[in-house]
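Try each task before you read its solution.

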Amino acid sequence: MMFSSYSLLLTGALLCYMLGMLAGFVQIYRTSTKTSKAENWLITGGFILHLTAFAWRFWESGAFPVTTLHESLSCFSLFLAGIYLWISRTAKVSILGAFINPLTTITLLWSMLIIQQVKPHPPALKSLWLPVHVIFSFAGNALLAMTCGLGIMYLIQEHLIKTKRISNLFKRLPSLNQLDQLSYTCLSIGFPFLTLGIITGSIWASLAWGSYWSWDPKETWSLITWFLYAALLHGRLNSGWRGKKAAILSIIGFVAIMFTFLGVNLLLSGLHAYGAH
Amino acid sequence: MNIVTLGVNHKTAPVEIRECLAFAEGSIPEALQQLQQDVGLQESMILSTCNRVEIYGICEDVEITRNKLVDFIGTFKDLPAAQFADSLYYYCDQEAIQHVFQVASSLDSMVIGEPQILGQLKEAYALASEHKATGLILNKFMHRAFSVAKSVRTRTKIANSAVSVSFAAVEMARKIFGDLSDKTVMLVGAGEMCELAARHFVNQGVKKVLVTNRTYQRARQLADEFDGSAIEFKDFHSQLDRVDVLLSSTGSPSYLIKPEHLAPALKKRKHRPIFLIDIAVPRDIDPATNNMDGIFLYDVDDLQDVVTENIDHRKQEAERAEALVAIEVEKFIHWLESLQLTPTIKALHQMADEISRQELEKTLSSFPDLSKKQQKKLESMAKAIVNKLLHQPITFIKEHSEYGEQLPVEIVRQMYKLNDFEQCKQDKSS
């Protein structure tokens, strides 16, 4: 019974995200305050349902629910929705939702396809460091996902301006400067979170496994990702990397994040295996 | 009582005819007087702009008025009617209302959505009302037209996109830089087109303008106009790193600005983008620069394409606007009809009967043991009071409307809030 309430909440959230995503797409073709309001309400509604589901799961399992692939994907999707709501409220970038909400929706959809019952946790996961590590990492990842979405928007808009195509999309997309600035803001908040995620992870590792760093694939890849973003931030601050170059790097960086988050678990094996494996 | 409009516009008459028919502002008061005395218009006004000359009036007989108006123009302008009669259009009632609403909303303009026409219409109306040529109907008609124009402007995107080359340049710059207030514009060459575009940029908030020209004197002159600074022509390449938007329109036969000039400038400005606008023919800027990262180059044809695209977009929006106009025409006709005598008298009776019926019911319910006869007596008393009270106002409006005056009808309607009453009844029955 409990399990079905949980999945019901998640289904509701997924439905809201999907409709919100569609409302976002509609806005590429015609803007109206109605669709934009609908989008906002749907994503907010989805986020609240999703958060309730998350809390439910937390209460049910007694541990911060990121121990299986299903839970992790769902949690990442929750962070994406939350960060999106925050950014779209503060920055007012038109049609940002059309580029971010698909990722939120797909992540939650994937998570629901592999939904599982609560399982007993391995003792290593019953630690206060787990939520700390995960919150920092996912907040960082979600912000860097924003950077990636904004990078894609930048590349499209830059292409449209260069090739002189005055389409609907051109009219709806914000100015290059706004996209570049916001992308930089997300990077400069996201990067410290990513760094804290790695540091707290390493402290936790030393407590749980006895060593700060053991070069397991997840650790190695997160370091590679960190260096990529460090390079991007450094380039932006010191060498005038901006615009197209920065946009491309922010997309590459996010690919590395997704590989660290998912690829490592699905393709390589190591200490960071989810409970399901 | 009918609303009529007679006139010519850019679609029906070439400029040679329009300029002959145009009314100079000084001659309008006299013309309005003649419209009242000779043509017999009860109310009138004249709109005369470079694209249209139109007379709006209230009259009793549509056909006679048409001929009289043509005669009036012929004598007033001292022109044989044959010269302009074919270019005239003449609308009455619904068509006239629709036409004026379209004119006010800039749907009938040469450049759809251009904002001047509304101002011109307001001035024309102010002039006519100053000379007491307008009355109840034209007053209401014009105010309605202004509010239709406003709602078209706010509810459609008819005026949102640039329809001139120089404004299209500003629009593109906004898509690159967003805010323009801290940007620097450089003019290379002091052509007229460049100057116009620069003026648009300054109006949109640009504060820094640099000007360079082969003759330094001219550069100096133009720079002063924009509170900017002049640069020696031989030095301008070294200043490119300061420039965000560059407008070029020199008579140079070969490319003045090439990738090798821009590469060091980009490096120096930490790769902040530069928007190049080439208005010159032959072109001043090497098209290869558009392939550089951070350089955006538009020439005259590119900007013209933007304009064409935007005009198409305005036409689409105009269709939505027409729908809004149609609704407002409907509403205005409804108001006009309400000024007729018969429906007003009917509404007045209905309203009064309703009140007396309600009050009667209240009274009768508190006296349950009245006999049938007593009830009848009370009912006829209520009816008599109603009829006596209504007698005077009805005679009053009847007498006045025999002379074609609608104002008393409107006053009575407002006193008794008859428009609200009718609306209420309509809502209930539908």
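Predicted model: local features only at pLDDT ≥ 70, side-chain atom pairs only at ≥ 80, totals over all residues.

Residues are numbered from 1 along each chain as its sequence is written, while chains are lettered from A and ligands numbered from 1 in the order in which they are written.

**Exercise 1. Describe how α8(B) and α12(B) pack, and list the residues that make the contact.**

Solution. 
- Step 1: find the helices. Helices (H or I, at least four residues) and strands (E, at least two) are DSSP runs, numbered from the N terminus.
- Step 2: take the angle and distance. The axes of α8(B) and α12(B) lie 9 Å apart, at an angle of about 90°. Axes are lines fitted to C-alpha atoms, for helices over the stretch in contact, and angles run from 0 to 180 degrees between N-to-C directions.
- Step 3: classify. Angles under 35 degrees count as roughly parallel, over 145 as roughly antiparallel, 65 to 115 as roughly perpendicular and the rest as oblique. α8(B) and α12(B) are therefore roughly perpendicular to each other.
- Step 4: list the contact. α8(B) gives B:Val165, B:Ala168, B:Ala169 and B:Met172, and α12(B) gives B:Val300, B:Leu303, B:Gln304, B:Val306 and B:Val307. Two residues are in contact if their C-beta atoms, placed from the backbone, lie within 7 Å.
- Step 5: sort by class. The contact of α8(B) with α12(B) has eight nonpolar, one polar and no charged residues. Here Ala, Val, Leu, Ile, Met, Phe, Trp, Tyr, Cys and Pro count as nonpolar, Asp, Glu, Lys and Arg as charged, and the others, Gly among them, as polar.

**Exercise 2. At what angle do α8(B) and α9(B) cross, and what is the hand of the crossing?**

Solution. 
- Step 1: the axes of α8(B) and helix α9 (residues 192-203) of chain B come within 9 Å and cross at roughly 45°.
- Step 2: α8(B) and α9(B) are therefore oblique to each other.
- Step 3: the crossing of α8(B) and α9(B) is right-handed. A crossing is left-handed if the near helix is turned anticlockwise from the far one by less than a right angle, and right-handed if clockwise.
- Step 4: B:Ser166, B:Phe167, B:Ala169 and B:Val170 of α8(B) meet B:Met193, B:Leu196, B:Ala197, B:His200 and B:Phe201 of α9(B). By class, this contact has seven nonpolar, two polar and no charged residues.

**Exercise 3. Which residues of the largest nonpolar core touch the most other members?**

Solution. 
- Step 1: define the core. A nonpolar core is a set of buried Ala, Val, Leu, Ile, Met, Phe, Trp, Tyr and Cys residues joined through C-beta atoms within 7 Å.
- Step 2: the largest core has 123 residues, and A:Leu80, B:Ala169, B:Leu187, B:Val211, B:Leu247, B:Leu276 and B:Ile277 touch the most other members.
- Step 3: helix α5 (residues 129-162) of chain A supplies the largest share of this core, 15 residues.
- Step 4: look at one member. Residues up to four places away in sequence aside, B:Leu187 touches B:Cys194, B:Ala198, B:Val211, B:Leu222 and B:Leu247.

**Exercise 4. Is A:Gly149 buried or exposed?**

Solution. 
- Step 1: A:Gly149 is in helix α5 of chain A.
- Step 2: a residue is buried if 20 or more other C-beta atoms lie within 10 Å of its own, exposed if 12 or fewer, and partly exposed in between, with C-beta atoms placed from the backbone.
- Step 3: A:Gly149 has 28 C-beta neighbours inside 10 Å, so it counts as buried.
- Step 4: beyond four places in sequence, A:Gly149 touches A:Leu96, A:Phe99 and A:Ile100.

**Exercise 5. Where are B:Ser106 and B:Asp227, and what is the phi of each?**

Solution. 
- Step 1: most residues other than glycine have a negative phi, and most peptide bonds are trans.
- Step 2: B:Ser106 has a positive phi, near 65°. B:Ser106 lies in the loop between α5 (94-104) and α6 (116-130) of chain B. With 25 C-beta neighbours inside 10 Å, B:Ser106 counts as buried.
- Step 3: B:Asp227 has a positive phi of about 60°. B:Asp227 lies in the loop between α10 (216-225) and β7 (229-232) of chain B. With 10 C-beta neighbours inside 10 Å, B:Asp227 counts as exposed.
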